[in-house]
Amino acid sequence: MTVTLADVAARAQVSPATVSRVLNGNYPVAAATRERVLRAVDDLDYVLNGPASALAAATSDLVGILVNDIADPFFGIMAGAAQSQIGGTQGPGAGRAGGEKLAIVCNTGGSPERELTYLTLLQRQRAAAVILTGGALEDPGNSAAVAAKLGKLADGGTRVVLCGRPPLALPEGGDGGPVAAALTFDNRGGARRLTEHLLALGHRTIGYVAGPVERTTTRHRLEGHREAMAAAGLGGTVDALTVHGPYDRRSGYDATLELLRREPGLTAVVAANDTVALGACAALRERGRSIPDDVSVAGFDDLPFSADAMPALTTVRLPLYEAGARAGRLAMGREAVPGGVVPVPAELVVRGSTGVAAVRG
């Protein structure tokens, strides 16, 4: 026999409306009453009818987290941190059905079409919130389409949070505030400080392995590198010693071989991220170059394996877990949505993969 909302209300000795308020988490209920309702839910093994609840309410209990590649630690760390703030409560009642949301990780594979499809599906499900992670595509048409879709989601009551992605021009919310919170990483500043570190060590022939040319993260990190090189009077060498490719190990390997072909006297390689840096290290060793005695190598992101590489990678640390957790809290409405952009700092981490430029006769 199916247990109904009325059965739970009778067991808890409250009205059906009170049970609904506890389960949907959309109205304050006294702690003792809430505990009595949750105990009745557990005793009767009551399951809320999600689709019916979503039809009755403005939103459902779903939160969508969009990532380019869940296998990439950059995205996995942020998604896991966000989910830790979405999937449960702390203290008494934790793990019970009482206002918690169900986090759904949507893996786009970097496809802009798939990203728009997921946003449409989440809109149909009346998602309570949507978190978009990582850089955006450098395409005006796609940006306009994403902004329009996010605007429709916000109009339907969905909270929109951008984590590590540049802000979009979205319509104002019903209360006069922005409909999206944007946590933006200091990719440009972090890249500039990383290249400045290499320049201070005496490096002048610096190769750069960039990410995909059409991504905002790629542009911002390359701009920071270019700024540092220009300040040192070396801006004219950047284009000739820059190779673009995917954010993966193979790209770092292939691009570094190409850089060595272009400039055999290369003394340093800056990689788009730590995974790319590992590929660069493999290519250099294959060509008999010692790290950092012959060529210094630097990455970006400070992913968990960076400190365990041989030698440990000099990199730029982005607080991925902290940013993801904050995105989760914003998605749940546990923090006030800040106006405009929330900058997330980047920190230079110097390890053994970079050293003083070798002097060659």
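Biologist: Taking a salt bridge to be a side-chain nitrogen of Lys or Arg within 4 Å of a carboxyl oxygen of Asp or Glu, how many salt bridges does the structure hold?

Modeller: The structure holds 20 salt bridges. Please keep in mind that this is a predicted model, in which local features need pLDDT of at least 70 and side-chain atom pairs count only at pLDDT 80 or more, while totals for chains, interfaces and linings use all residues. Residues are numbered from 1 along each chain as its sequence is written, and side-chain values use heavy atoms, with hydrogens and water left out.

Biologist: Okay, which residue meets Arg 188 in a salt bridge?

Modeller: The partner is Glu 223, and the N to O distance between the two side chains is 2.7 Å. Helices here are DSSP runs of H or I with at least four residues, strands are runs of E with at least two, and both are numbered from the N terminus.

Biologist: Which residues are linked with Arg 188 in a network?

Modeller: Glu 138, Arg 219 and Glu 223 are linked with Arg 188 in a network of salt bridges. Another salt bridge joins the side chains of Arg 326 and Glu 335 at 3.0 Å, N to O; Arg 326 is partly exposed at 29%, and Glu 335 is partly exposed at 23%.

Biologist: Back to α8 for a moment: which of its residues are buried?

Modeller: The buried residues of α8 include Gly 189, Gly 190, Ala 191, Leu 194, His 197 and Leu 198. Its end C-alpha atoms are 20 Å apart, which agrees with the 20 Å that its 14 residues should span at 1.5 Å a residue, where the expected span is 1.5 Å times one less than the number of residues. The helix is followed by Gly 202, which has a positive phi, near 100 degrees.

Biologist: Switching to strands, how covered is β3?

Modeller: Strand β3 (residues 129-133) is mostly covered, with five of its five residues buried. Ala 129, Ile 131 and Thr 133 lie on one side, Val 130 and Leu 132 lie on the other, and both faces are covered.

Biologist: Which strands does β3 pair with?

Modeller: Two strands count as paired if DSSP finds at least two bridges between them. Strand β1 (residues 62-67) pairs with β3 in the parallel sense over four bridges, and Ile 65 has Ile 131 as its bridge partner in β3. Strand β4 (residues 159-163) also runs parallel to β3, joined by five bridges. The chain goes from β3 through helix α7 (residues 140-155) to β4 in a right-handed β-α-β crossover, meaning that, with the strands pointing away from the viewer, the path from the first strand over the helix to the second runs clockwise.

Biologist: What else does β4 pair with?

Modeller: β4 pairs with strand β5 (residues 180-185), in the parallel sense and over four bridges. Val 160 stands opposite Ala 180 in β5, and Val 160 is also the bridge partner of Val 130. Four of the five residues of β4 are buried, so this strand is largely enclosed by the rest of the structure.

How values were computed: Buried < 20%, exposed > 50% of the residue type's maximum accessible area, 1.4 Å probe, protein only.
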